[in-house]
Amino acid sequence: MKIDKCIAREVLDSRGVPTVEVELYSGDQKASAIVPSGASTGEGEALELRDNDPKRYHGKSVLQAVKNIEVEIAPAILNRDFVRQSIFDDLLCDLDGTPNKSKLGANAILPISMAFARLQAQCNDTTRISGLALTQNLATSFGSAGITLPVPLMNIFNGGKHADNGIAIQEFMIVPCGFDRFSDALRAGVEVFHQLKKILHKRGLTTAVGDEGGFAPKISDEEEAGPGSHEKVMTLLLDAIESAGYKAGSQIYLALDCASSEFLAKNPPNPAGNTVMYHFEGSQRTADEMIKIYEKWVSYFPILSIEDGLAEHDWDGWKSLTTKLGKSVQLVGDDLFVTNPEFLKKGIEKGVANSLLVKLNQIGTVTETLEAMRMAHQAGYTTVISHRSGESEDTFIADLAVGTDAGQIKTGSASRTDRTAKYNQLLRIEQWLGGRAKFPGKKAFK
Ligand code: PGA
Ligand code: ZN
């Protein structure tokens, strides 16, 4: 496939922050992609290039990334034949030449890589009878069947950096997995979301939503929600599940993204040398104390999955978390692995975590993302495809989830078009696949 034309522009993400959109053309085909952006980013993520010009978008504009596409990338990709995604992405990595894409910016490289996947899918899709081209193209690149609809992990209560309610944990998700089809699971999750709104309203709590479309009320008058506050949130979720007519713990479960690197203690008392300390529910706690809290929660609440329960550099803490809870709970590495095969390899060797969170822009190309996923699957780790808190109308991750048979997706709550766009794309894919569509339900969690 030959690319004839490449256009890049600055557009806005779901928080009104600039991001990069790309259009690639080949013959009569055109494909575009928009790159997302995180707030609770891992330190090891590929670099997101910002202009830091205080006169434009408070320093957040991305004109340099756009220029890098126009001046550095476009001349290298135009009018050349590329047969495979991996060859194309290798060229992008070579053009950048740094380990973390800091020369051109991951926000310049990734939209090109995603748009290439779409363009190639369209050019190869001779039948053009459904919208499955991208899903199938990714399945071919990954070597999978590309027929598995993911279990949705729906973040219906937001805290941490995605809200300002003083709740330390960033995401409280419901996991509707006791269903036969994706569409039934999604409907159940959406009904619980609406039920939660009614419950919050009745209790006089605000029903405004946070960055990922989940509710984000302040549940205590204090600046920082204190002891028991997280259990209170999970109890609210269970109330919503049961009063919506579903069974918590067989039809719908809970999942957490603690994003704990965000609540590391700033000035830890450091009682035992260089022990990592967390500031949680009003007190400083060691990793062991955090693990004890999680053990207690897992015995009380139907929690299937805990993401970033400990911080990105706390490998010792992670090891003991995995030893204690890894047999019964999915332990997902987000900031820990940053979708980077190198960090994931270290995790697999050390026996740390048992699941990989997959965010394309953490690593910066489709090929490297697939490589990390392949490594995860080979090691028996599950994979959770993920949006970022700053998203757009781009639905690439829905196709990625099905194309790779990943098994799980987290793409926010049941509100905000940036979130529901992905769920809607999954509904379309389920219908296009028809009788071939599979839904793993609880089997997606080993
Ligand atoms: P982010 O949050 O996109 O702000 O990093 C999502 C997550 O932590 O999973
Ligand atoms: Zn996370």
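Me: Which residues form the one aromatic cluster?
Reply: In this predicted model, the cluster consists of Phe 263, Tyr 278, Phe 280, Tyr 294 and Trp 297.

Me: How many aromatic pairs does a search of the whole structure find?
Reply: The search finds twelve aromatic pairs. In one of them, Tyr 294 and Trp 297, the ring centres are 5.8 Å apart and the planes stand at 65 degrees, so this pair is edge-to-face. The angle is what decides that, because planes over 60 degrees apart count as edge-to-face.

Me: Where do Tyr 294 and Trp 297 sit in the chain?
Reply: Both are in helix 7, which covers residues 287–300. They are three residues apart there, so about one helical turn separates them.

Me: Is Tyr 294 buried or exposed? And what about Trp 297?
Reply: Tyr 294 is buried, with a relative accessible area of 0%. Trp 297 has 1% relative accessibility and also counts as buried, because the cut-off for buried is under 20%.

Me: What sort of aromatic pair do Trp 315 and Phe 337 form?
Reply: A tilted one, with 6.4 Å from centre to centre and 55 degrees between the planes. This pair links distant parts of the chain, 22 residues apart. Trp 315 belongs to helix 8, while Phe 337 is in the loop between strand 11 (330–333) and helix 9 (341–350).

Me: Are those two, Trp 315 and Phe 337, buried or exposed?
Reply: Trp 315 counts as buried at 12% relative accessibility. Phe 337 counts as buried too, at 0%.

Me: Changing topic. What is the volume of the largest pocket?
Reply: Its volume is about 400 Å³.

Me: How many residues line the largest pocket, and which lie nearest its centre?
Reply: The lining has 16 residues. Nearest the centre are Gly 166, Ala 168, Glu 224, Glu 262 and Phe 263. Phe 263 is also a member of the aromatic cluster.

Me: What classes of residue are in that lining?
Reply: Six are nonpolar, four are polar and six are charged.

Me: On to the sheet. What is the order of the nine strands?
Reply: The order is 4-14-13-12-11-10-7-6-5. The sheet is open and its pairing is mixed. Strand 4 and strand 5 (154–158) are the edge strands, each pairing on one side only.

Me: Which strand does strand 4 pair with, and over how many bridges?
Reply: Strand 4 (residues 151–152) pairs with strand 14 (residues 407–410) in the parallel sense, over two bridges. Pro 152 has Ile 409 of strand 14 as its bridge partner.

Me: How does strand 13 pair with strand 14?
Reply: Strand 13 (residues 382–386) and strand 14 are parallel, with four bridges between them. Ile 385 stands opposite Ile 409. Between the two strands the chain passes through helix 12 (residues 396–403), and this β-α-β crossover is right-handed.

Me: How many bridges join strand 10 and strand 11?
Reply: Three, again in the parallel sense. Here Ile 306 stands opposite Leu 331 in strand 11.

Me: Last one. Where is His 313, and is it buried or exposed?
Reply: His 313 lies in the loop between strand 10 (303–307) and helix 8 (315–325). It is exposed, with a relative accessible area of 55%. His 313 and Ser 40 are 273 residues apart in sequence, but 15 Å apart in space from C-alpha to C-alpha.

Terms used: Residues are numbered from 1 along each chain as its sequence is written. Chains are lettered from A and ligands numbered from 1 in the order in which they are written. This is a predicted model: local features need pLDDT of at least 70, side-chain atom pairs count only at pLDDT 80 or more; totals for chains, interfaces and linings use all residues. Side-chain values use heavy atoms; hydrogens and water are left out. On a 1 Å grid over the protein atoms alone, a cavity is a set of points where a 1.4 Å probe fits but cannot get out, and a pocket is an open set with protein on both sides within 12 Å along at least five of seven lines; lining residues have an atom within 4 Å of a point. Grid points are joined across faces, edges and corners, and a volume is the space filled by probe spheres set on the points. Ala, Val, Leu, Ile, Met, Phe, Trp, Tyr, Cys and Pro count as nonpolar, Asp, Glu, Lys and Arg as charged, and the others, Gly among them, as polar. Two strands pair if DSSP finds at least two bridges between them. A crossover is right-handed if, with the strands pointing away from the viewer, the path from the first strand over the helix to the second runs clockwise. Buried means under 20% relative accessible area, exposed over 50%, partly exposed in between (1.4 Å probe, protein chains only). Rings of Phe, Tyr and Trp (its six-membered ring) pair if their centres lie within 6.5 Å; planes under 30 degrees apart count as stacked, over 60 as edge-to-face and the rest as tilted.
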